[in-house]
Amino acid sequence: MASSPNTIPAASFADSAGASPGTAAAKLDLTAEIARDLIRFDTTNYGEGRSNGETDAAEYVAEKLRALGLVPELFDSEPGRTSVVARVQGRDTSRPALVVHGHLDVVPADPANWSVDPFAGVIKDGLLWGRGAVDMKNMDAMILASLQDVIGSGGAPERDLVIAFFADEEAGGVLGSHFLVNEHPHLFDGATEAISEVGGYSITLGGQRAYLLQTGEKALIWVKLVARGEAGHGSRMHPNNAITRLAEAVAKLGRHEWPIRLTDTTEQLLGEIARILDVDPQRVGPDELALATGTASGFIQASLRTTANPTGLTAGYKHNVIPDAAEALIDIRSLPGEEDLVLAQIQEIVGSDIEIVTMHRDIGLETEFSGPLIEAVVSTLERHDPGAPVLPYLLSAGTDNKALSTLGIKGYGFAPLRLPADLDFPALFHGVDERVPLDALVFGRRVLTDLLSSY
Ligand SMILES: [Zn+2]
């Protein structure tokens with residue numbers, strides 16, 4: 001483990017760091033302790049098959065599950081790419097099972113940009129800092145700590161739980177959730193619903209705290225644009241230069257303004273925002289309503305339309321040689337069901353002489369904001385944060401719920417966190433100085449314990 005001047009040695013936590021800043025002797029909550037331990041496993045997933053692997057973190061969570069009397073199974077899709085699944089018997093086995101899942105991998109972090117070592121699990125200013133503190137070792141820890149609360153002293157959840165910690169989510173889940181769903185679908189027998197990341201956190205709306213519950217996800221299409229031309233000497237006239245043509249296509253696509261199209265989820269969300277702000281949604285436009293959600297507006301504006309962002313460029317091998325091809329990576333997120341339409345539109349935008357190669361694609365999801373699980377989530381939050389409304393939203397990104405949906409399991413984003421109004425939490429997903437308040441982790445543990453005990 002890399003050292004850093006900000007790193008507090010583990011041995012001193014008991015008396016130097018605590019859930020409530022100011023109380024020097026306060027003990028670190030189990031949730032923060034587990035999240036900190038998990039951050040210290042550098043499970044960086046670089047994508048395209050390059051990864052530090054999840055095995056050490058998987059063995060750690062498996063040990064925690066065994067300590068609770070569970071029998072976790074470990075699955076390696078490839079060496080080092082380990083996922084963990086365990087089943088918890090509920091009181092009422094006639095009810096369908098609920099999948100409670102997290103992923104163990106994280107995106108890369110460049111320590112040069114961070115104010116702390118991203119893999120040291122630093123506790124500072126009442127927050128836990130590190131890659132994964134938000135996405136999503138926080139929820140992994142909340143799952144384990146709430147399981148301890150629910151079954152640790154001989155109790156049981158209301159229904160069967162399938163507890164899953166997946167590898168490879170940050171590269172689309174091919175070596176994690178998709179692998180398990182395809183190769184070991186029996187693990188999820190009897191499950192109809194799932195809860196996981198990127199939802200359940202609080203936002204501030206017109207001075208009022210509200211919670212966003214994720215009830216859908218945009219589709220994901222990762223493509224490569226390829227321009228082909230004639231190779232030649234860099235000193236010559238060269239009208240058919242692959243780099244020039246690719247650059248034109250990338251600029252056009254990157255600047256394209258995709259029209260707003262509301263789905264059932266975003267229409268309902270905007271209606272709720274308008275109601276809370278007491279404005280007429282017919283007069284105040286969708287983008288303006290989205291902006292009223294403050295720090296969450298980046299997520300919400302992107303859920304109102306397709307996005308297609310250039311994320312990489314490759315071309316050339318020598319300063320005086322014109323290469324015969326140039327390539328760009330595009331990260332496309334279309335509204336659910338519009339994948340093929342959007343690909344056709346992109347071909348029109350970039351022109352027919354640019355080849356579009358699909359590298360990876362996955363479906364979008366949308367589930368209604370009603371039913372017993374939604375009611376249970378709303379009433380649980382009401383018990384822990386009375387008066388704070390719960391709003392549905394469509395995630396502009398994707399989660400392992402996509403893979404589970406192929407088994408007919410409806411997935412939601414519910415990792416409950418009550419956050420201070422001044423923390424730009426959505427920006428911390430994959431962000432620099434990723435961090436989570438310790439008291440938000442304690443809140444999440446309590447809410448999750450309550451939900452799993454009663455639903
Ligand atoms: Zn995540």
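Q: Where is Glu-48 placed?
A: Glu-48 sits in the loop between strand S1 (45-47) and strand S2 (50-51). The model described here is a predicted one.

Q: Why is Glu-48 called exposed?
A: The label exposed requires over 50% relative accessible area. Glu-48 has 76% relative accessibility, so Glu-48 counts as exposed.

Q: What makes the backbone at Glu-48 worth a remark?
A: Most residues other than glycine have a negative phi. Glu-48 has a positive phi of about 50° and is not a glycine.

Q: Which phi value does Val-198 have, and where is Val-198 placed?
A: Val-198 is not a glycine, yet its phi is positive, about 55°. Val-198 lies in the loop between S9 and S10.

Q: Is Val-198 buried or exposed, and how do you know?
A: Buried means under 20% relative accessible area. Val-198 has a relative accessible area of 9%, so Val-198 is buried.

Q: How do you know whether His-103 and Glu-197 are buried or exposed?
A: The cut-off for buried is under 20%. His-103 has a relative accessible area of 0%, so His-103 is buried. Glu-197 is at 3% relative accessibility and therefore also counts as buried.

Q: What is the peptide bond from Asp-135 to Met-136, cis or trans?
A: The bond is cis, with omega near -10°. Most peptide bonds are trans. Met-136 lies in the loop between strand S7 (127-129) and helix H4 (137-151).

Q: Why is the pair of Tyr-211 and Phe-443 called stacked?
A: Rings pair if their centres lie within 6.5 Å, and planes under 30 degrees apart count as stacked. The two ring centres are 6.2 Å apart and the planes are at 15°, so the pair is stacked. Tyr-211 in strand S11 and Phe-443 in helix H13 are 232 residues apart, and the pair links distant parts of the chain. Tyr-211 is buried at a relative accessible area of 0%, and Phe-443 is buried at 1%.

Q: How many aromatic pairs does a search of the whole structure find?
A: The search finds seven. One aromatic cluster is formed by Tyr-201, Phe-299, Tyr-393, Phe-425 and Phe-429.

Q: How do you know that the span of helix H11 agrees with its number of residues?
A: At 1.5 Å a residue, the 13 residues of H11 (372-384) should span 18 Å, and the end C-alpha atoms are 18 Å apart, which agrees.

Q: Which residues of H11 are buried, and what do they pack against?
A: Leu-373, Ile-374, Ala-376, Val-377, Thr-380 and Leu-381 are buried. They cover an arc of only 160° around the axis, so they are on the same side of H11. Their packing partners include strand S5 (97-103), strand S19 (390-395) and helix H13 (438-454). Exposed Pro-372 and Glu-375 are on the face turned away from the buried side.

Q: Why are the buried residues of helix H10 said to line one face?
A: The buried residues are Glu-339, Val-342, Leu-343, Ile-346, Ile-349 and Val-350. Seen down the axis they fall within an arc of 120°, so they line one face of H10. The face turned away from them carries exposed Asp-340 and Glu-348. Helix H6 (242-255) and strand S14 (307-315) are among the elements covering the buried residues.

Definitions and conventions: Residues numbered from 1 in each chain as written. Predicted model: local features only at pLDDT ≥ 70, side-chain atom pairs only at ≥ 80, totals over all residues. Heavy atoms only, no water. Helix = DSSP H or I, 4+ residues; strand = E, 2+ residues; numbered from the N terminus. Expected span 1.5 Å × (residues − 1). Buried < 20%, exposed > 50% of the residue type's maximum accessible area, 1.4 Å probe, protein only. Arc of directions from axis to C-beta. Contact = heavy atoms within 4.5 Å. Phe/Tyr/Trp six-rings, centres within 6.5 Å; stacked < 30°, edge-to-face > 60°.
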